Amino acid sequence: NGKEREKKKWNKLWSLLLSAALVLTLLPAVKVPSLAAAHPTVEEISIDKFDFSAAPYYKNGGKVGTATDYNVWYNAETGVLELKDFHGTDSPIWNQSALPLTIKVTGKNTLKIAVGDTASAIGIDSYYGELSFVGDGSLSVDITGGNPMCYAIGGKRVTVGDRVTMNISAQSKADVCGIYAVEGVRIKEKAAVNITSTGTGADYQGIAIFVDGGDDSGEIRFESERPTTIKLAGETGKFNYAVYNTVYVNQNPGALNNGNSNISFLGKGRVSIINTGKFYAAGIVSDSNLDGKPGEILLRGAGVEIRDCNDDIVNRYNKTPLNKADIIIKDNSKVTVVSDKEAGFFLSDRKGIVSAANGILIEDSEVSVTAVKGGLDVNWYYEHAANQSPYGIDIKGTSKVSLTGGENGENSYILAGNNRAVCDFDLLPGGWI
């Protein structure tokens, strides 16, 4: 069907990245490290074709630096690439190995990439290996253009930690992404991340944080003490997503299909999602077609705000229903959803917090949904199949739940269970709906 084709298209595009880059001479031939190697070699680190094997210190503009005067230093013994007041223009940073790379961010750093429609636009890439950001400085990546795709940060797994402040702006007529990973994204400790994703192409998609590794996908986790802000500014295109994690069946012989599409909010730092664009936008989407393995959207002691999206918090798992919640809001979490937009691609007439095949649990938390045709919903027909889970919607403890629907009458589903579900409202003094 159309939705599966769109999902496969994304995976195919990302998997073709390296071949496209090779053809366009953006990415030198990949070198296979020795079994004894623990970090990328100097030959496997590239910035604007600078030869780190000849000199480990890089000065802005591609000059050779010294141990006391540099803007980039790669220490091959530790696998740490330090950016120190680095300012690059059209100078992508590549890790060409399958080994992990740590980027230490010191001072104020900027990277601007602007290309036309004949090459992919990529900022910092560690496609084969893990990519971690540490330090107490700031890094701003501004990337525009690109074909068939554009993304600012990419890696097998991407982690932003320490006190790093990361600002990303990605804009393209092609598929555009702020942070893309194959096996997971993690924002932790005291990192602050701000992403603006702008799609301007009529036939493309924009995603701020995206995990798509086929059957190997892993968790997107927010656990920083500082805020994460995501702005969607799609002008045209097919779809725009703030946080999207997808996992699907690999039918090749021997495939383990052990991935997941979990999205977790565990930190004290508020996660804000704001749509300012003119086209369809979704807030948080978990999408698994592994039978019996729904992704889990979990908020534990977290704050999430979603404004002006067409769809808000959606778990799209739609295989065998289970007697469990796959959207869980607990431990003094606070969720605010506000939108006057009609529902979009995923839901024909539903908005707010929606589980397609299982249930929703709210416990000792605050939830406020003000949306046209929406509230809390497990009564959803997706791809001609109804939610058959007996779990329903549970609201427990000291939870405070406020649901406000639209003004257009019968299609404003405020609190919707399915015909098999048991909804349990077990509130303590101080809790209310």
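Tutor: Happy to! pLDDT is the predictor's confidence in each residue, from 0 to 100, and a contact means heavy atoms within 4.5 Å. Keep in mind that this is a predicted model.

Student: How many contacts beyond four places in sequence does the model have for residues 16-35?
Tutor: Across the chain the mean pLDDT is 85, and 85% of the residues reach 70 or more. Over residues 1-10, though, the pLDDT is below 50. Residues 16-35 also stay under 50, and for them the number of contacts beyond four places in sequence is 33.

Student: What is the angle between the planes of Tyr57 and Tyr70?
Tutor: The whole structure holds 13 aromatic pairs. Tyr57 and Tyr70 form one that is tilted, with 5.4 Å from centre to centre and an angle between the planes of 45°.

Student: How many residues apart in sequence are the parts that this pair ties together?
Tutor: Tyr57 belongs to strand S2 (residues 57-59). Tyr70 sits in the loop between strand S3 (63-64) and strand S4 (72-75), so the pair ties together parts whose separation in sequence is 13 residues.

Student: Is Tyr70 buried or exposed?
Tutor: Buried means under 20% relative accessible area. Tyr70 has a relative accessibility of 11%, so Tyr70 counts as buried.

Student: Which residue has its charged end over the ring of Tyr70?
Tutor: Look for a charged end placed 5.0 Å from the centre of the Tyr70 ring. The residue it belongs to is Lys84.

Notes:
Residues are numbered from 1 along each chain as its sequence is written. This is a predicted model: local features need pLDDT of at least 70, side-chain atom pairs count only at pLDDT 80 or more; totals for chains, interfaces and linings use all residues. Side-chain values use heavy atoms; hydrogens and water are left out. Rings of Phe, Tyr and Trp (its six-membered ring) pair if their centres lie within 6.5 Å; planes under 30 degrees apart count as stacked, over 60 as edge-to-face and the rest as tilted. Helices (H or I, at least four residues) and strands (E, at least two) are DSSP runs, numbered from the N terminus. Buried means under 20% relative accessible area, exposed over 50%, partly exposed in between (1.4 Å probe, protein chains only). A charge sits over a ring if NZ of Lys or CZ of Arg is within 6 Å of the ring centre and within 35 degrees of the ring normal.
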